[in-house]
Structures are given as C-alpha cells and as structure tokens.
Amino acid sequence: MARIVVLTGAGISAESGVPTFRDADGLWEGHHVEDVATPEAFERDPDTVQRFYDARRAALALVEPNPAHKALAELERAVGDDLLVVTQNIDDLHERAGSTRVIHMHGELLSALCRACRRRTPFSGAMVDHPPCPGCGASDLRPDVVWFGEIPYRMEEILDALGSCEQFVSVGTSGAVYPAAGFVQQARAYGARTLELNLVPSEGSFFFDEARHGPAGELVPAWVA
Ligand code: BJW
C-alpha cells in the first residue's frame, strides 16, 4: 500500500498549456464544462461533445510534461510503490513524464468506451468517423471519460489507498467536484497528514493541515526535493 497519495487536477497541467476548467480560460467555444461533460449533453448533441474531445486530443499532441509532472515521476523512482498518483486529468502527461503508478479516475483522452459492451479501447482516429468497437463490432463509441452523474473509475482502490496512506497531497484542483473534493477529509479521518499545493486556496483549503499557494511547477519540485 502506498504511503503517499497525490491527487492531481487540471492545475498541474496548466503550465504545460492545457486549459483548466474553472479559471478564466476554462470556456470552450462559450461552453462551460458542465454543458459538454454530461451523458445528457452527449445524447442531445454527440457531434459537439465529440468535437470538444477531438480538439483536446489534438491539443494534447502539442504539449509536454512540466516540472511538476517530472517531480512526481522522480519521486516514484525514489520511493517506488510508496507513491500512488490519482489524477482527475484525462491527459497523459504523468505517464509521459515517467510515472507508472497512476489512476485516471475520470478516464483518459486517448481511450474510447463502447456504449454497447463497455470495452475500453486505445483511441485511434477521430471518433466522429464512427469506427466500430473492436470487441463487439457495434458503432457506438464515446470518449472514455467520466461525466457528471457517472461513477469514477477504480474508486475501491482509491478509497483503500486513502484509508492507509500516511500523507495525502492535493495538487492543482479547485475542490469543486466530488468525490475527489472529499478525499482530503477521508484521508485525514484515517490519520494521514494532508497538504494542498495550488495556485490559490481551493474550495476545501481549510480541510488541509497545510496549504502552500503558487504555481505547481515550482511548488511540487520544492515539495519533492
Ligand atoms: C493551478 C495552476 C498552476 C491553475 N499551478 N494550480 C452536489 C453536492 C455534492 C456533489 C454533487 C452535487 N451534485 C452533483 C454532485 C456530484 C458531481 C459533482 O461533484 N458536482 C459538482 C459540480 C458539485 N460529481 C459527479 O457527478 C461525479 N460522480 C459521482 O459523484 O458519482 C457518484 C459516486 C461517486 C463515487 C462512488 C460511487 C458513486 C463525476 C464527476 C465527473 C467530473 N468530470 C469532469 C470531466 C472529465 C472529462 C474531461 O476532462 O472532460 O472532470 S468535470 C471536470 O472537473 C473534470 C475535472 O477532472 C474535474 C475537476 O476539475 P479540476 O481538476 O479541479 O479543475 P479546475 O479547473 O476546477 O481547477 C483547477 C485548479 O488549479 C484551480 O484551483 C486553479 O487555481 C489551479 N491552478 N493553474 C497550480 N499553474
């Protein structure tokens, strides 16, 4: 079991050039994330939702991990299984920096989910072309991400880790979205020391034992050092 659990959010990728959701640059074509990240939005207007994820997939190819992702990968090299990164992000910047113990609780941009058989498949090509599912053959693929009202991935493993870690660190998340926003209280209830690293105080900042505010690209390497 990991001694250290690090929860990351959009703020850790901000300095790589990936827009966050709730800061000033968080709108996409005038939509709030709540307009495009729901199963209802996909039912209503699948092409718009697919375009949102196609645009983010294209943008992902142009960005690189920043010092915060690299510092977490370096920490994993030093402590191995004692570190678990739980990310709300659907980008692959932790993996590209070298992290291997990463749970993508809100899914992955580079994966597709079959609505017919629930098989998860590495993404290939623009899904607006409606390729069939390689598992069941149905032409019913959607982005493999967790929308509002859906259950995040691997919750059992995450809750086990929160219940047994010694340190819980939250990086670059606004604390506006549950269940991730509640992890600090869960970890703390089980005796972990808790630390927030965020540009500004998050909505749940007061739940942490300690909070440091500034850019993740500076705070995370300083914490890891
Ligand atoms: C920097 C920085 C720099 C900037 N350095 N920092 C009422 C009350 C409580 C809960 C609910 C409620 N009504 C509904 C709910 C539940 C709902 C919810 O939380 N809604 C809220 C709006 C209230 N949650 C759900 O529906 C979830 N499912 C669920 O609860 O199922 C039930 C269940 C759970 C568990 C077990 C069993 C059952 C699902 C939530 C899915 C969220 N999906 C999205 C989209 C994913 C795909 C995609 O990416 O498109 O996930 S929404 C979006 O928000 C995305 C993110 O992962 C998530 C969190 O955002 P994040 O990462 O915090 O980003 P920001 O932009 O908000 O914040 C960035 C922060 O970084 C800011 O603070 C900046 O200051 C900072 N920052 N630059 C450091 N350089």
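Q: Where is tyrosine 53 found?
A: Tyrosine 53 is found in helix H4, which covers residues 46-60; helices (H or I, at least four residues) and strands (E, at least two) are DSSP runs, numbered from the N terminus. Residues are numbered from 1 along each chain as its sequence is written. Please keep in mind that this is a predicted model, in which local features need pLDDT of at least 70 and side-chain atom pairs count only at pLDDT 80 or more, while totals for chains, interfaces and linings use all residues.

Q: OK, and is tyrosine 53 buried or exposed?
A: Tyrosine 53 is buried, because 22 other C-beta atoms lie within 10 Å. The rule is that a residue is buried if 20 or more other C-beta atoms lie within 10 Å of its own, exposed if 12 or fewer, and partly exposed in between, with C-beta atoms placed from the backbone.

Q: Which residues is tyrosine 53 in contact with, leaving aside neighbours within four places in sequence?
A: With those neighbours left aside, tyrosine 53 is in contact with Leu109 and Pro143, where contact is taken to be C-beta atoms, placed from the backbone, that lie within 7 Å.

Q: Which residues does UniProt list along with Tyr53 under "binding site"?
A: The unreviewed UniProt entry lists Tyr53 and Arg56 for "binding site"; UniProt positions are given in the numbering used here, feature names are shortened, and annotations may be inferred rather than shown by experiment. Arginine 56 is also found in helix H4, and with 17 C-beta neighbours inside 10 Å it counts as partly exposed.

Q: What about the cysteines, which ones are listed for "binding site"?
A: According to the unreviewed UniProt entry, they are Cys114, Cys117, Cys133 and Cys136.

Q: Where is cysteine 133 placed?
A: Cysteine 133 sits in the loop between strand E5 (120-122) and strand E6 (141-145), and it is partly exposed, with 19 other C-beta atoms within 10 Å. Leaving aside neighbours within four places in sequence, its contacts include Cys114 and Cys117.

Q: And cysteine 136, is it buried or exposed?
A: Cysteine 136 counts as exposed, because it has 12 C-beta neighbours inside 10 Å. Cysteine 136 is found in the loop between E5 and E6, and, not counting residues up to four places away in sequence, it touches Cys114, Ala116, Cys117 and Arg119.

Q: New topic: which residue does the "active site" annotation cover?
A: That annotation, again from the unreviewed UniProt entry, covers His106. Histidine 106 lies in the loop between strand E3 (102-104) and strand E4 (107-114), and it is buried, with 20 other C-beta atoms within 10 Å. Not counting residues up to four places away in sequence, histidine 106 touches Gln88, Ile90, Val145, Val146 and Pro152.

Q: What are the domains of the chain?
A: The domain assignment gives domain 1 (1-18 + 65-106 + 152-225) and domain 2 (21-62 + 109-145), and domain bounds of this kind come from an automatic or database assignment. The C-alpha centres of domain 1 and domain 2 lie 25 Å apart, and the contact takes 7 residues from domain 1 and 6 residues from domain 2.

Q: How do the strands E1 and E2 run, parallel or antiparallel?
A: E1 and E2 run parallel and are joined by 5 bridges; two strands count as paired if DSSP finds at least two bridges between them. Valine 6 has valine 85 in E2 as its bridge partner, and valine 85 in turn has valine 102 in E3 as a bridge partner.

Q: Which way do the residues of E2 point?
A: Leu83, Val85 and Thr87 point one way from E2, whereas Leu84 and Val86 point the other way, and all are buried. In a regular strand the side chains alternate between the two faces of the sheet.

Q: Last one: which residues touch the most other members of the largest nonpolar core?
A: Of the 38 residues in that core, Val5, Val6, Cys165 and Phe168 touch the most other members; a nonpolar core is a set of buried Ala, Val, Leu, Ile, Met, Phe, Trp, Tyr and Cys residues joined through C-beta atoms within 7 Å. The largest share of this core, 5 residues, comes from H5.

Terms used
Two residues are in contact if their C-beta atoms, placed from the backbone, lie within 7 Å.
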